[in-house]
Amino acid sequence: MNLKPLADRVLIKPTAAEEVTAAGIIIPDSAKEKPLKGTVLAVGNGTKDEEMILKADDVVLYGKYAGTEIEVDGEKLLVMKQSEVLAVVL
């Protein structure tokens, strides 16, 4: 995949949603929560007002409605501004 976000945007691969609960109950697709955690695949160069602090392979948390969902090579990814990322998981 050759995709590079522009300016202060990042490309994120969301983590897979949980399919089975601790009690062994299978959760149908319609009831699954949208994942709020993902891995940064690519970052833009930043802007003159906002330095890019995220980097590829960072694991991040983001808001429930953050970003724009795109599909590349059959894989669902998110493109969002760096400011929509809430935290980096250490």
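Me: Where is Gln-82 found?

Reply: Gln-82 is found in the loop between E5 and E6. Both are strands, that is, DSSP runs of at least two residues, numbered from the N terminus. This is a predicted model: local features need pLDDT of at least 70, side-chain atom pairs count only at pLDDT 80 or more, and totals for chains, interfaces and linings use all residues. Residues are numbered from 1 along each chain as its sequence is written, and side-chain values use heavy atoms, with hydrogens and water left out.

Me: Why is Gln-82 called buried?

Reply: Because its relative accessible area is 7%. Buried means under 20%, exposed over 50%, partly exposed in between, with a 1.4 Å probe and protein chains only. So Gln-82 falls in the buried class.

Me: What does Gln-82 touch?

Reply: Asp-8, Glu-50, Glu-51, Met-52, Ile-53 and Leu-54, not counting residues up to four places away in sequence. Contact means heavy atoms within 4.5 Å. Gln-82 and Gly-46 are 36 residues apart in sequence, yet 8.7 Å apart in space, C-alpha to C-alpha.

Me: Why is Lys-76 called exposed?

Reply: Its relative accessible area is 52%, and the cut-off is over 50%, so Lys-76 counts as exposed. Lys-76 is found in strand E5. Lys-76 and Ile-12 are 64 residues apart in sequence and 9.3 Å apart in space, C-alpha to C-alpha.

Me: How do you know that E4 and E5 pair?

Reply: Two strands pair if DSSP finds at least two bridges between them. E4 (residues 68-72) and E5 (residues 75-81) have five bridges, in the antiparallel sense, so they pair. Val-72 stands opposite Glu-75 in E5. The hairpin has two residues between the strands, and Asp-73 takes a positive phi near 50° there.

Me: What about E2 and E3: how many bridges join them?

Reply: Three, and the strands run antiparallel. Val-59 in E3 is the bridge partner of Thr-39.

Me: What is the strand order in the sheet?

Reply: E4-E5-E1-E2-E3-E6, an open sheet of six strands with antiparallel pairing.

Me: What makes E4 and E6 edge strands?

Reply: Each pairs on one side only. Neighbouring strands of this sheet are turned by 40° against each other on average, direction ignored. Axes here are lines fitted to C-alpha atoms, for helices over the stretch in contact, and angles run from 0 to 180 degrees between N-to-C directions. The chain has zero helices and six strands.

Me: What makes the 12 residues of the largest nonpolar core a core?

Reply: A nonpolar core is a set of buried Ala, Val, Leu, Ile, Met, Phe, Trp, Tyr and Cys residues joined through side-chain atoms within 4.5 Å. The 12 are Val-10, Ile-12, Val-40, Val-43, Met-52, Leu-54, Val-60, Tyr-62, Ala-66, Leu-78, Met-80 and Val-85. E1, E2 (37-43), E3 (59-62) and E5 each give two or more residues to this core. Beyond four places in sequence, Val-43 is in contact with residues including Val-10, Met-52 and Leu-54.

Me: What is the mean pLDDT of the chain?

Reply: The mean is 88, and 80% of the residues reach 70 or more. pLDDT is the predictor's confidence in each residue, from 0 to 100. Among the elements, E4 has the lowest mean (94) and E1 (residues 9-14) the highest (97).

Notes:
Helices (H or I, at least four residues) and strands (E, at least two) are DSSP runs, numbered from the N terminus.
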